[in-house]
Structures are given as C-alpha cells and as structure tokens.
Amino acid sequence: MEGILDLLSWVFLLSGSFFAVVGGVGVIRMPDLFTRLHCAGVTDTMGAGLILVGLMFQAGLGLTTAKLGLILGFLWFSSPVSTYALARATLASGQEPFWAEDLEIPETARIPGRDTGYQETRDSEEGEDVVREEEDGEEEMG
Amino acid sequence: MFIAASFAILITMGLAMVRGLLGPTVYDRVLAMNMFGTKTVLIIAVLGFLVGRPDFLDLALLYALINFVGTLAVLKFFEYGDLGRRLDSMEGERR
C-alpha cells in the first residue's frame with residue numbers, strides 16, 4: 001500500500017513538474033500576451049494542481065492534506081480571476097490579440113472613465129429610468 | 001522526487017523572471033509576477049515536504065492569498081493610476 005501511494009505521488013509530482021516547465025517555456029516563446037496568458041494558466045491549473053495532489057498522496061489523511069486542499073481550492077479560484085482581470089485590462093488598454101485585424105472590443109471590456117461616449121449614453125438611460133420610477137412612486141403615494 | 005519537482009519549479013520561476021525582464025508591456029510583467037508568485041507557493045509546499053516540515057504550508061497559503069490580492073492591486077493601479085478613488089469621480093478623465 002505504501003509503495004502504491006509513493007508511486008502515485010511520484011507520477012503526480014513528475015507530471016506536474018512537466019506541465020510547469022512546459023508552461024514556462026510557452027510563456028517565453030508565445031508571441032502575444034493573450035497566448036502567454038494561456039501558458040500561465042497551464043502552469044496554474046495543471047502544474048500546481050498535479051504537484052499539490054502528489055503532495056497530498058505523500059502526506060496521507062490529516063491536517064496537512066486539509067491545508068494542501070485549501071491551497072489548491074484557493075488557486076482554483078484565484079488563477080482564473082486574475083487571468084480574466086489581466087486579459088480585460090490588456091484589452092481595455094488598446095492592445096489587441098495578434099491574430100485579430102479589426103477586433104471590436106466588447107462593451108463589457110471597456111473601463112468607465114476611459115471611454116466616455118459609451119459611459120455617457122448608459123448613464124443617461126439609467127438616469128431616465130430612475131426618474132420614471134420616482135414619478136411612479138409619487139403617483140402611487142398621492 | 002521532491003528535489004526533481006523543486007528543480008522543475010525553479011526552472012519555471014526562472015523562465016517567468018526572464019519574461020518579466022523581457023516583457024514589452026507592463027501587462028507582461030504583471031503576468032510574470034503572478035506566475036512567479038504561484039510558483040513560490042508551490043516551491044514553499046514542496047520544500048516543506050523535502051525538509052520534513054509540512055508546517056511551511058501555512059506560509060504557502062498566506063503567500064497565495066497575498067499574491068492574488070497583490071496582482072489585482074497592481075492591475076487596478078495601472079488601469080486607474082490610483083488605488084483609492086471611486087469610479088464615479090473618474091468619469092470623463094483620461095489618466
């Protein structure tokens with residue numbers, strides 16, 4: 001049983017190391033930030049996940065495995081969020097993916113205060129809605 | 001086996017550092033910083049097992065939290081040029 005657990009943890013650790021190094025090489029070699037984000041995601045999910053699972057097999061049941069699970073769960077949440085924030089910030093700063101000739105930046109990626117035209121129209125619409133609701137409320141009250 | 005894993009993580013950290021030094025835009029450097037921080041979490045965990053003290057995992061967990069918040073803070077700083085202002089007060093303003 002010990003041997004099987006050791007073997008499993010070695011397999012997980014070695015494959016996690018493989019994915020980590022592959023992602024690192026990709027971060028160096030990829031031509032664009034958006035493709036580099038993909039490679040960093042590989043090291044975050046596959047590399048970190050496999051290595052932490054391998055350490056779990058080494059630790060056995062207990063508090064250590066619980067801590068490893070906490071780290072793994074937090075990485076599962078934080079890595080996509082930071083990747084998304086980075087991609088959104090890059091897209092809003094005007095940098096386009098290298099394969100896109102005329103990419104229309106989606107409206108959800110625009111940053112309020114940076115692109116005034118979009119923000120102004122949206123604010124005026126919201127303002128009208130608010131005024132209408134207030135008027136309705138007064139009529140009901142009266 | 002822990003030594004092999006830690007060497008692989010160290011190589012990845014070195015590659016991320018190279019990307020951070022080469023990075024043409026500031027977002028490449030933020031990406032490299034985020035990746036470096038995640039790999040730091042991993043190497044703290046692996047080194048804790050290597051030297052037989054799994055208590056290092058507390059440090060790894062703390063570092064993961066701080067790394068995430070730090071990445072978002074740096075991104076927000078480079079987007080708005082400030083950390084403590086509301087979005088309403090920045091309307092129509094370009095940096």
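So, what share of the contacts in chain A with a separation of 6 or more comes from residues 24 or more positions apart? It's 52%, where a contact means that two C-beta atoms, placed from the backbone, lie within 7 Å.

Quick housekeeping. This is a predicted model, so local features need pLDDT of at least 70 and side-chain atom pairs count only at pLDDT 80 or more, while totals for chains, interfaces and linings use all residues. Residues are numbered from 1 along each chain as its sequence is written, and chains are lettered from A and ligands numbered from 1 in the order in which they are written.

Okay, chain A. You've got four helices and zero strands, with helices being DSSP runs of H or I, at least four residues, strands runs of E, at least two, both numbered from the N terminus. Of the 142 residues, 26% are buried, that is, with 20 or more other C-beta atoms within 10 Å of their own.

Look at α2(A) and α3(A). They pack at about 175 degrees, with axes 9 Å apart; axes are lines fitted to C-alpha atoms over the stretch in contact, and angles run from 0 to 180 degrees between N-to-C directions. So α2(A) is roughly antiparallel to α3(A), the word for angles over 145 degrees. Among the residues making that contact are A:Leu52 of α2(A) and A:Ile71 of α3(A).

Now the partner. The contact between chains takes 44 residues from chain A and 42 from chain B. On chain A's side, α3(A) gives the largest share, 13 residues. By class that side has 26 nonpolar, 14 polar and four charged residues; nonpolar is Ala, Val, Leu, Ile, Met, Phe, Trp, Tyr, Cys and Pro, charged is Asp, Glu, Lys and Arg, and the others, Gly among them, are polar.

Next, the largest nonpolar core: 43 residues, with A:Ile71 and B:Ala45 among those with the most contacts inside it. Such a core is a set of buried Ala, Val, Leu, Ile, Met, Phe, Trp, Tyr and Cys residues joined through C-beta atoms within 7 Å. The largest share, 12 residues, comes from α2(B).

Back to A:Ile71: not counting residues up to four places away in sequence, it touches A:Leu52, plus chain B residues including B:Val41, B:Ala45, B:Leu57 and B:Ala60. B:Leu57 and B:Ala60 are also among the buried residues of α3(B), and what covers those buried residues includes α3 of chain A and α2 of chain B.

Notes:
A residue is buried if 20 or more other C-beta atoms lie within 10 Å of its own, exposed if 12 or fewer, and partly exposed in between; C-beta atoms are placed from the backbone. Angles under 35 degrees count as roughly parallel, over 145 as roughly antiparallel, 65 to 115 as roughly perpendicular and the rest as oblique.
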